[in-house]
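This report describes selected packing features of one protein model. Please consult the sequence and the structure shown below while reading.

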Amino acid sequence: MPVSAVGAVKKTELYLALDQGGHASRALVFDDHGSVVAQAMREVRTLHPTPDWVEQDPEELVASIQAAMGEVLHALGTRRDHVMNAGLATQRSSIVCWDKRNGAALSPVISWQDRRAHAWLSQFSAHADAIHKTTGLFLSAHYGASKLRWCLDHLPAVREAHAGAYLAFGPLAAFLVFRLTRERALLIDPANAARTLLWNLETLNWDAALLDLFGIPGACLPRCVPTRHGFGMLAAPGRAIPLHIVTGDQSAALFSHGQPQADSAYINIGTGAFVQRISSRYPGQAQGLLSGVVLQDADAVTYVIEGTVNGAGSALVWLQERVGLPDIELQMSAWLQRTEEPPLFINGVAGIGSPYWAPFVESRFIGVGAPWQQAVAVLESIVFLLQANLEEFARLAPALHALRVSGGLTAYAGLCTRIADLSGLPVYRPQVYEATARGTAWLLAACPSHWPEPAPGVWFSPAENPGLRARYGRWKRALHAALVPTGA
């Protein structure tokens, strides 16, 4: 894909943000005003070998980041010498196994969306409350522990590496740090470590009891370090660049506006949708919601309460594959403006996350509608699942005063309007929808108090929308009925 270089650099300090996402790897260079100076992108494939299996090729991901990084630095020309440091944000909960002697991958990237080990994980249900208290997570095959155990149990190369004491495994971020830096250190940050079901939110380290419970050899895991750390030198074309920040994609997105506000919730909608709210202290267990760490910097730790919607952009892909709806992205804005009532959609794509935690629910429409109406129903299901999470947030004090949205799907004004109308809260959408790289750059720039947006965003004020609210009520009843086991 062609690279672009835009704008003039007013100061010499530049920051390289690497964003490895589900559909693409991106490299963006920002100046210390938060403006993009250059950017490049490489698309990556997602593989589905069998139902409920979601994989990516680890070598393709490494090559895609290297290619995007090379292109963006080439676009800078002599200004590449002004790049002070770099940061890496990756998909959380995805895991890889590799040979720590040479970095060769021993497994595919098993995606956060993958649920292959759900049945195996069910044997630990009696420990679910204790696991939630320790890790802030629910017992789910979306997280890393069951994926790592699956690799040990089913991949001969992984077993051989373990027996030979040359196995390394863990979050995708650790593999990429190992492969992209000259030092090839085995390190991991809090945001990614916290999505393994193996990390203790209070000690900020691997939990010995959970490693023992799941049968995960701790010696194969990366060493836990803060978000801001000397991870090594990126072997970039023409020069080496210090890698100072490693974090998760959603964690980075939280900082795209600068320092997050305590009275706001932050929604990022991409392959999945995530709603987060920061806390300066360990929040403990939040009913139906996740707790985690988004930033550990020196002696300060920023915690987060989070809700997750598994099927967002992936649900639209599911629909497109099911009905062959052409140009869905180009036509969605117009469809959202139409007044015909859409059907309801039970969105079980990749399982239903918080606050329901139902890994296997059949995705289906309730009511009839043309294909375009089904597309609207899928978009509204994302709004409904977000609203269910916001209602859980409402149990926590203090009250929310605003929502801030980002991610590719928020380009649809009709989606933002529905979020505002249903929540009753004003919604702010910045001009730059892609938040992960910008948040990474803010962290790289040492969290400046002034982080201006390139242009003002748009506020969506809540309005009365009785039709939407009625559909939400019917959708909630239908979903609750779907979650009740047959014969219960």
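Which residues in α13 meet which residues in α15? Arg418, Asp421 and Leu422 in α13 meet Leu468, Arg469 and Tyr472 in α15, where contact means heavy atoms within 4.5 Å. The model is predicted, so local features need pLDDT of at least 70 and side-chain atom pairs count only at pLDDT 80 or more, whereas totals for chains, interfaces and linings use all residues. Residues are numbered from 1 along each chain as its sequence is written, and side-chain values use heavy atoms, with hydrogens and water left out.

The contact of α13 with α15 comprises 3 nonpolar, no polar and 3 charged residues. Helix α13 covers residues 413-423 and helix α15 residues 466-483; their axes are 10 Å apart and form an angle of about 75°. The two helices are therefore roughly perpendicular, a term that applies from 65 to 115 degrees. Axes here are lines fitted to C-alpha atoms over the stretch in contact, and angles run from 0 to 180 degrees between N-to-C directions. Helices (H or I, at least four residues) and strands (E, at least two) are DSSP runs, numbered from the N terminus.

**Cysteines**

The structure holds 0 disulfides, a disulfide being a pair of cysteine sulfur atoms within 2.5 Å. For two cysteines, the closest cysteine sulfur is in Cys97 and is too far for a bond.

**Nonpolar cores**

A nonpolar core is a set of buried Ala, Val, Leu, Ile, Met, Phe, Trp, Tyr and Cys residues joined through side-chain atoms within 4.5 Å. The largest has 82 residues, of which Leu16, Leu198 and Phe214 touch the most other members. Beyond its neighbours within four places in sequence, Phe214 contacts Trp120, Leu121, Phe124, Ile131, Leu139, Ala145, Arg149, Leu197 and Leu198. Another core, of 59 residues, lies apart from the largest one and includes Val309, Ala312, Leu344 and Ile382.

**Trp459**

Strand β24 (residues 458-460) contains Trp459. At 45% relative accessibility, Trp459 is partly exposed, the class between under 20% (buried) and over 50% (exposed). The C-alpha atom of Trp459 is separated by 39 Å from that of Ala63, which is 396 residues apart along the chain.

Technical notes. Angles under 35 degrees count as roughly parallel, over 145 as roughly antiparallel, 65 to 115 as roughly perpendicular and the rest as oblique. Ala, Val, Leu, Ile, Met, Phe, Trp, Tyr, Cys and Pro count as nonpolar, Asp, Glu, Lys and Arg as charged, and the others, Gly among them, as polar. Buried means under 20% relative accessible area, exposed over 50%, partly exposed in between (1.4 Å probe, protein chains only).
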